Amino acid sequence: MLVMWCSRTALGRLQRITGFHRAMSTLPKVYVTRKVPPDGLDILRKSGQVQFEMWDSDDPVPRVELLKKVKGCEGILCVLTEKIDTQLLNAAGPNLKAVSTMSVGFDHLSLDELKKRGIRVGYTPDVLTDCVAELTVALLLATSRRLIEATHEAKTGGWGTWRTLWLCGHELANSTVGILGLGRIGVAIAERLKPFKVKKFIYTDVAPRPELANMIEAEYVSLDELAKQSDFLAICCALTPETHGICNWNLFSKMKKNAIFINTSRGGVVNQEDLYEALSTGLIAGAGLDVTTPEPLPTHHPLYTLKNCVILPHIASASYMTRNSMSALAANNLLAGLRGEPMPKELKL
Ligand SMILES: O=C(O)[C@H](O)CO
């Protein structure tokens, strides 16, 4: 468009620019709460459908600023650090038609409030499944084979002679892997673990999910049985009022001493004091956490003192390809929502 303007007279150019701004100002206003990866921004820009303002930073927009910026917006594209609650929806006002989150998790959205106001909600399942499953397997192996401890020993002079039981861990071959919350990600994790010669997959959920379970020949069991039988337990459920703190002393106390606990869902599903007790007293063998409460987990948190706890800073979906796909899907969800069309991935409220 710039090239075209350059070939015109200054007056024609001015008229076009003024017209352009007039046209722009009638387009629906959208606020993007974070510098999202380029694919999504390109889609918004090229759509010609919205005018958008963005918090152009890698860090979250301060709440006060956010509340100001959403005023009068028809659409909001957010990430998981922004609470979309009554206060924010009131600040946005009655024009708001669509909220699109660049995440598969939606525990930061007040769904009841959004539903009450007839606001459509988009999210980003599927595009991150492979990436999250891959990281979960990496975290599981790093925890069970004590990789972080091992590199630390090598670097800091702890590596003496070869010793028979030094840095021994637990292997996947012949093991039982449990999945709490069987969805697309749980299936993708199991598919990746199967070649490690896992003996059996078991899972629990609010109800059996035979179509998914059949894909990985997983057996449906109760939560108690899941705790009792799993050598490796992967937490894949969404954070809801029902799952909040579901991984607590009651669960850990039923687990095997050799069990490895892995959480790549949300920190809120775990009672961290109970997990600390379970790890520090040897009730279970290890834990790998990609998510915690709060995030970031303060550096003085007791969980960091434990050698058998591997903590990552919420990076399960962090590949360039996946983050770009998430941003593109979030942009397409938002644009479809604003056009009044079904979103490519819309939450049923
Ligand atoms: O909810 C999500 O999309 C993930 O937690 C981001 O990695």
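How many bridges join strand S6 to strand S9? The views below work through this predicted model, and the answer turns up in the close-up of the seven-stranded sheet.

**View 1. The whole chain, before zooming in.** Here's the overall layout: 14 helices and 12 strands make up the secondary structure of the chain. The C-alpha trace spans about 85 × 50 × 35 Å along its principal axes. Of the 349 residues, 46% count as buried. If you take the contacts with a separation of 6 or more, 62% of them come from residues 24 or more positions apart.

**View 2. The open sheet of seven strands.** Reading across, the order is S8-S7-S6-S9-S10-S11-S12, and the pairing is parallel. Strand S8 (218-220) and strand S12 (309-311) sit at the edges with a single partner strand each, so one side of each has no neighbour in the sheet. On average, neighbouring strands here are turned by 20 degrees against each other, ignoring direction. Back to the opening question: strand S6 (residues 176-180) and strand S9 (residues 232-235) run parallel and are joined by four bridges. Look for Leu180, which stands opposite Ile235 in S9. Helix H7 (residues 129-144) lies across S9, strand S10 (260-263), strand S11 (286-289) and S12. Helix H7 runs at about 150 degrees to S10.

**View 3. The open sheet of five strands.** This one goes S2-S1-S3-S4-S5, with parallel pairing. The edges belong to strand S2 (51-54) and strand S5 (120-122); each has a single partner strand, so one side of each is left without a neighbour in the sheet. Neighbouring strands in this sheet are turned by 15 degrees against each other on average, direction ignored. Strand S4 (residues 98-101) pairs with S5 in the parallel sense over three bridges, and the bridge partner of Ala98 in S5 is Arg120.

**View 4. Helices packed on the five-stranded sheet.** Helix H3 (residues 38-47) packs on this sheet and touches strand S1 (29-32), S2 and S3. The direction of H3 makes about 150 degrees with that of S2. Helix H14 (residues 320-339) also packs on the sheet, touching S1, S3, S4 and S5. For H14, the angle with the direction of S4 is about 170 degrees.

View 5. You'll find Glu82 in the loop between strand S3 (75-78) and helix H5 (86-92). Setting aside neighbours within four places in sequence, Glu82 is in contact with Thr33, Arg34, Pro60, Val61, Leu66 and His108.

View 6. Most peptide bonds are trans, and most residues other than glycine have a negative phi. The bond from Thr293 to Pro294 is cis, with omega near -10 degrees. The bond from Glu295 to Pro296 is cis too, with omega near -5 degrees. Pro294 is in the loop between S11 and S12, and Pro296 lies in the loop between S11 and S12 as well. As for phi, Asn174 is not a glycine but has a positive value of about 70 degrees. Asn174 lies in the loop between helix H8 (147-155) and S6, and counts as exposed because its relative accessibility is 56%. His314, again not a glycine, has a positive phi of about 50 degrees. His314 is in the loop between S12 and H14, and at 21% relative accessibility it counts as partly exposed.

Definitions and conventions:
Residues are numbered from 1 along each chain as its sequence is written. This is a predicted model: local features need pLDDT of at least 70, side-chain atom pairs count only at pLDDT 80 or more; totals for chains, interfaces and linings use all residues. Side-chain values use heavy atoms; hydrogens and water are left out. Helices (H or I, at least four residues) and strands (E, at least two) are DSSP runs, numbered from the N terminus. Contact means heavy atoms within 4.5 Å. Two strands pair if DSSP finds at least two bridges between them. Axes are lines fitted to C-alpha atoms, for helices over the stretch in contact, and angles run from 0 to 180 degrees between N-to-C directions. Buried means under 20% relative accessible area, exposed over 50%, partly exposed in between (1.4 Å probe, protein chains only).
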